[in-house]
Amino acid sequence: MKLPSYDAAAREVPEENSHRVLLPRRTPVEPIRQVARRLLMALLVLIATVFIVWIDRDEYHDSANGTVDFLDCVYYATVTLSTTGYGDIVPYGDSARLLNIVLITPLRVLFLIILVGTTLEVLTERTREQWQLKRWRKTLRDHTVVVGFGTKGRSAVQTLCATGLTRERIVIVDPSPKVIDSAVAEGFVGVVGDATRSDVLVRAEIQRALQVVIATQRDDTAVLVALTARQLNKKANIVAAVREEENAPLLRQSGADSVITSASAAGRLLGLSVHSPSAGTVMEDLIQQGSGLDLVERPVVKSEVGKSVRETDDLVVSVLRGHRLLGYDDPAASPLQAADRLITIVRAAVAEEGDLPGKPRAPMPPLPGSGVSSMRRADD
């Protein structure tokens, strides 16, 4: 089953641009600089050829007057490098002919390479891109595929990068070539195409992905992408966003492990901000990654095994035990086990305050896998 279109942008994808994988590339040199550099190289080759002919001008013969002056050397170098060869000036001495074989012929080849450098550069660039693409496919494992690079997709990618995921481990899939070009310019790997089609997701190596983020503009598109992704990868963690809450169960049935309802979540935050502006500020702070308070998941450290949730140094919200998510006030959450994972509230910035006035306290080490520092309790 496939939708007639993948969002509005899918209808605008030219056939030659679909199913393309774009790897991050270095900033290209400006065309004017490229042309100026090639002209300079061609001029240097011409000057070198004129100098070689000039130092051995006595070994050349001009059919017009028998002698070769400086203008004749420039003329001979020009027609020789351009492979025109009128034959009015020829090398007749052994040394002149030897220099033509050893020096002028390689310079002629170099001059031709410079003239056709644009074509050769295109061929070289394509060969290099194919080699890089093959190497990328061989080395890519346990990466993250993000379908849709709009507002939701960009925010999800920023959060992933803030938690320590490198840009090389993120693949963006979007039907718009302009969006993919923007993602590639930021250092991500991009795939142009309709993500509801399995061949597009295969090009993103979704079969070897660790997690999939679906941030499309339409809910029906998200359902089809989730179905296709789950069919290609049975073990990946699929997180999807929908606009309407009534579509969330359908998306879970399609294979999504977690579903975020964007419209209702924004509505709840608006209502909370009206009823309690301070509580709304705290919730907004938790949502924004890397500033103020952050909500992170971390493993239980050795010193915490056997303790209750309230005896830990962090503000624990929930305990993940196997496939069960236990609240902090659940009696089954304590004591903590070695295989548990804690959902905690932490500070995004390291505290600089000390325990005693005038004596700074050493910053606390970051939480495992979070990249942020733990919060101190009020009685610490």
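Reply: Let's begin with Glu-205, which counts as buried at 7% relative accessibility. Keep in mind that this is a predicted model.

Me: What makes the phi of Glu-205 worth a look?

Reply: The phi of Glu-205 is positive, about 55°, and the residue isn't a glycine. Most residues other than glycine have a negative phi. Asp-142 is another non-glycine residue with a positive phi, near 50°. Asp-142 sits in the loop between α4 (117-139) and β4.

Me: Is Asp-142 buried or exposed, and how do you know?

Reply: Exposed means over 50%. Asp-142 has a relative accessible area of 52%, so Asp-142 is exposed.

Me: How do you know which residues Glu-244 touches?

Reply: Contact means heavy atoms within 4.5 Å. Not counting residues up to four places away in sequence, Glu-244 touches Asp-219 and Thr-261. Glu-244 and Asp-219 are 25 residues apart in sequence, and their C-alpha atoms are 7.6 Å apart in space. That 7.6 Å runs from C-alpha to C-alpha, whereas contact is about heavy atoms.

Me: What makes the span of α5 close to the expected one?

Reply: The expected span is 1.5 Å times one less than the number of residues. Helix α5 (residues 151-162) has 12 residues, which gives an expected 16 Å. From first C-alpha to last, α5 reaches 17 Å, close to that value. Helix α2 (residues 70-81) also has 12 residues and reaches 17 Å, close to the 16 Å expected.

Me: How do you know that the buried residues of α5 are on the same side?

Reply: The buried residues of α5 are Gly-153, Val-157 and Leu-160. They cover an arc of only 60° around the axis, so they are on the same side of α5. The face turned away from that buried side carries the exposed residues Thr-151 and Gln-158.

Me: What do the buried residues of α5 pack against?

Reply: They pack against three strands: β4 (144-147), β5 (170-174) and β7 (211-214). After α5 comes Gly-164, with a positive phi near 110°.

Me: What makes a set of residues a "nonpolar core"?

Reply: The largest nonpolar core here has 30 residues, and Val-173, Ile-214 and Leu-251 touch the most other members. Helix α8 (219-232) gives the most to this core, with 5 residues. Leaving aside neighbours within four places in sequence, the contacts of Ile-214 include Val-147, Ala-222, Val-225 and Ile-238.

Me: Which residues are in the second, separate core?

Reply: That core has 17 residues, among them Tyr-60, Ala-77, Leu-81 and Leu-107. Ala-77 and Leu-81 are also among the buried residues of α2.

Me: Where does UniProt place the feature "transmembrane region"?

Reply: The unreviewed UniProt entry places it at residues 35-55 and 101-124. In the model, residues 35-55 are 100% helix and 0% strand, and the end C-alpha atoms lie 31 Å apart.

Me: How confident is the predictor, and where does pLDDT stay under 50?

Reply: The mean pLDDT of the protein is 78, and 77% of its residues reach 70 or more. pLDDT stays under 50 over residues 1-11, and also over residues 350-380. The scale goes from 0 to 100 and gives the predictor's confidence in each residue, so read those two stretches with the values under 50 in mind.

How values were computed:
Residues are numbered from 1 along each chain as its sequence is written. This is a predicted model: local features need pLDDT of at least 70, side-chain atom pairs count only at pLDDT 80 or more; totals for chains, interfaces and linings use all residues. Side-chain values use heavy atoms; hydrogens and water are left out. Helices (H or I, at least four residues) and strands (E, at least two) are DSSP runs, numbered from the N terminus. Buried means under 20% relative accessible area, exposed over 50%, partly exposed in between (1.4 Å probe, protein chains only). The arc is that of the directions from the helix axis to the C-beta atoms. UniProt positions are given in the numbering used here, feature names are shortened, and annotations may be inferred rather than shown by experiment. A nonpolar core is a set of buried Ala, Val, Leu, Ile, Met, Phe, Trp, Tyr and Cys residues joined through side-chain atoms within 4.5 Å.
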